[in-house]
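Let's take a walk through this protein together, one region at a time. Keep the structure open beside you as you read.

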Amino acid sequence: MPRVFLFSTLLLVGSASQAGENDLPRSTPEAQGLSSSAIIAFVKEADRSTDTMHSVMILRHGCVVAEGWWSPYDSVTRHSLYSLSKSFTSTAVGLAIAEGKLSLDDEVLKAFPDDAPAEPSDNLKSMRVRDLMRMSTGHQSEASLRGERSWTQSFLAQPVPFKPGTHFLYNTPATYMLSAMLQKATGQTLLDYLKPRLFDPLGIEGATWEKSPQGISTGGYGLSIRTEDIARFGQLLLRKGQWQGKQVVPPAWVEQATSRQTSNGSNPKSDWDQGYGYQFWRSRNNAYRGDGAFGQYCIVLPEQDAVIAITSGTKDMQGVLNLVWDKLLPAMKAEPLSPDNAGQTALLELLKKLTLPLPSHSGAPAPTAGKVFTFPKNDRDIESVSIRTDGEQDVMIARVDGSETRVEFSRGSWRKRTLAWGGFPEQPAATSGGWQGDTFIAKISFVETPFLLTLRFRFSGDQVTLSSQSNVGFGPTSQGDLVGKAE
């Protein structure tokens with residue numbers, strides 16, 4: 001049963017209900033001390049001000065009180081977590097320590113004698129697991145994990161100018177080293193190690209984790225799971241490692257990992273200056289979180305007994321957290337609120353209609369759009385393109401690097417398919433398009449990632465200008481225009 005209809009049923013019941021063995025129970029917001037109107041205000045403002053929100057799930061007192069996905073994102077599709085993956089790596093290390101397979105005091109260099117530089121520095125020799133965990137390795141800059149050397153060799157070759165434990169540097173390769181050390185100590189990849197110990201107990205199915213060329217889970221990024229899986233993880237942390245009456249993770253480890261282990265700034269308005277734990281960020285309002293690039297969040301609020309899971313594709317990560325603090329936090333009350341059937345119904349209707357902005361459609365296609373336009377040689381390998389109308393959809397037929405690609409763009413809705421385009425390998429995607437004068441605007445959402453591409457084809461006589469822009473990126477988000485001529 002789709003989540004939105006399950007939530008609809010529970011709104012009518014008005015009390016907590018358990019849907020399955022590992023599913024989180026559902027309840028009305030008011031029954032858990034949170035008003036529907038406050039959630040509506042949060043969702044509307046997130047929809048208005050955030051580049052692209054993908055999902056939100058709000059838990060209070062262990063119950064899901066609101067959940068929504070912006071179409072074409074949905075409850076069953078995995079989403080890339082980016083650096084939120086680090087918090088799962090931390091949990092794996094904690095479990096390995098509990099099993100006696102690792103220690104916070106283990107020296108990093110001793111685990112990889114074959115990858116050590118010829119003359120390791122004293123600082124490198126003194127680097128330990130705890131330094132990797134709290135991002136205090138002593139590096140001035142991250143090691144590059146590109147090139148022919150193994151990733152562990154590259155990490156160990158990076159200069160260590162500071163004494164480990166004295167200098168904070170957010171350092172994704174350090175998390176990879178934790179994954180490598182765990183695999184060496186257990187004989188299993190991070191993903192395989194966590195499956196029976198964390199994922200299976202929590203009911204997290206189908207998790208995937210990217211690997212390095214050496215076959216080691218990337219650790220610092222690369223985990224993909226569903227929104228509810230993020231929420232389950234947060235609830236496990238909130239309950240000090242306990243899940244449905246069973247102790248899955250040692251409570252002392254949860255306390256240690258989520259506490260401040262190092263200082264990283266002093267700005268009271270920044271959620272990135274509140275201290276860092278063991279692969280967890282401390283947050284304002286005495287909260288903590290795992291987070292990943294472009295707005296992937298697992299926010300835990302112990303004082304409010306709440307968890308908020310968010311996936312998105314935004315450039316303004318602080319803005320998303322500000323919405324939580326401004327709209328949701330003040331509305332969390334200690335006691336249940338009076339039932340609000342009208343508010344609950346309005347909330348449900350809002351959550352059902354969420355969608356990423358669709359291209360508007362006004363007017364007929366450009367007269368020359370159906371022609372084949374060829375492009376001079378370019379770094380995107382686009383050789384030719386034509387846009388043809390087929391009923392209530394438009395079809396792009398493109399020749400890219402010698403192969404023909406056909407993509408249908410629905411008007412006023414998202415069309416799901418698998419697609420490779422713009423440097424993205426073939427993967428699940430959703431498309432939508434529309435005409436605005438002589439310009440065809442096409443959107444491609446890669447629904448297991450934060451990325452949304454917008455293509456604009458501007459037709460003028462026997463010429464078309466193609467521009468491409470991504471909502472987010474680690475580098476430039478727009479590409480130079482390509483100009484094609486009609487054959």
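The strands involved here are E17 (residues 424–436) and E18, which pair in the antiparallel sense over 7 bridges. Their hairpin has 2 residues between the strands, and Gly437 takes a positive phi near 65 degrees there.

Now follow E18 onward. A hairpin of 6 residues links E18 to E19, and these two strands, the latter covering residues 452–460, run antiparallel and are joined by 7 bridges.

How many residues of E18 are buried? For this strand, residues 439–445, the count is 7 of the 7, so E18 is largely enclosed by the rest of the structure. You can see this on both faces: Thr439, Ile441, Lys443 and Ser445 are buried on one side, while Phe440, Ala442 and Ile444 are buried on the other.

Next, turn to another set of strands. Here 3 strands make an open sheet, ordered E3-E5-E4, with antiparallel pairing. E3 (79–80) and E4 (208–209) are at the edges with a single partner strand each, so one side of each has no neighbour in the sheet. E4 pairs with E5 (residues 223–225) over 2 bridges, and the bridge partner of Trp209 is Leu223 in E5.

Trp209 also leads us to Leu194, whose contacts, leaving aside residues up to four places away in sequence, are Phe88, Ala92, Leu95, Phe199 and Trp209. Leu194 is among the residues with the most contacts inside the largest nonpolar core, along with Phe88, Leu132, Leu198 and Phe199; this core has 70 residues. Apart from it lies another core, of 40 residues, including Val43, Ala46, Val56 and Leu452.

For a helix, look at H12, which spans residues 341–352. Its 12 residues reach 16 Å from the first C-alpha to the last, close to the 16 Å expected at 1.5 Å a residue. Gly343, Gln344, Leu347, Leu348, Leu350 and Leu351 are buried in H12. Seen down the helix axis, these buried residues fall within an arc of 160 degrees, so they line one face of H12. Asn341 and Ala342, on the other side, are exposed.

Finally, how confident is the prediction? The mean pLDDT of the protein chain is 94, with 96% of its residues at 70 or more. Over residues 1–15, however, the pLDDT is below 50, and this stretch has 30 contacts in the model beyond near neighbours in sequence.

Definitions and conventions
Residues are numbered from 1 along each chain as its sequence is written. This is a predicted model: local features need pLDDT of at least 70, side-chain atom pairs count only at pLDDT 80 or more; totals for chains, interfaces and linings use all residues. Side-chain values use heavy atoms; hydrogens and water are left out. pLDDT is the predictor's confidence in each residue, from 0 to 100. Contact means heavy atoms within 4.5 Å. Helices (H or I, at least four residues) and strands (E, at least two) are DSSP runs, numbered from the N terminus. The expected span of a helix is 1.5 Å times one less than its number of residues. Buried means under 20% relative accessible area, exposed over 50%, partly exposed in between (1.4 Å probe, protein chains only). The arc is that of the directions from the helix axis to the C-beta atoms. A nonpolar core is a set of buried Ala, Val, Leu, Ile, Met, Phe, Trp, Tyr and Cys residues joined through side-chain atoms within 4.5 Å. Two strands pair if DSSP finds at least two bridges between them.
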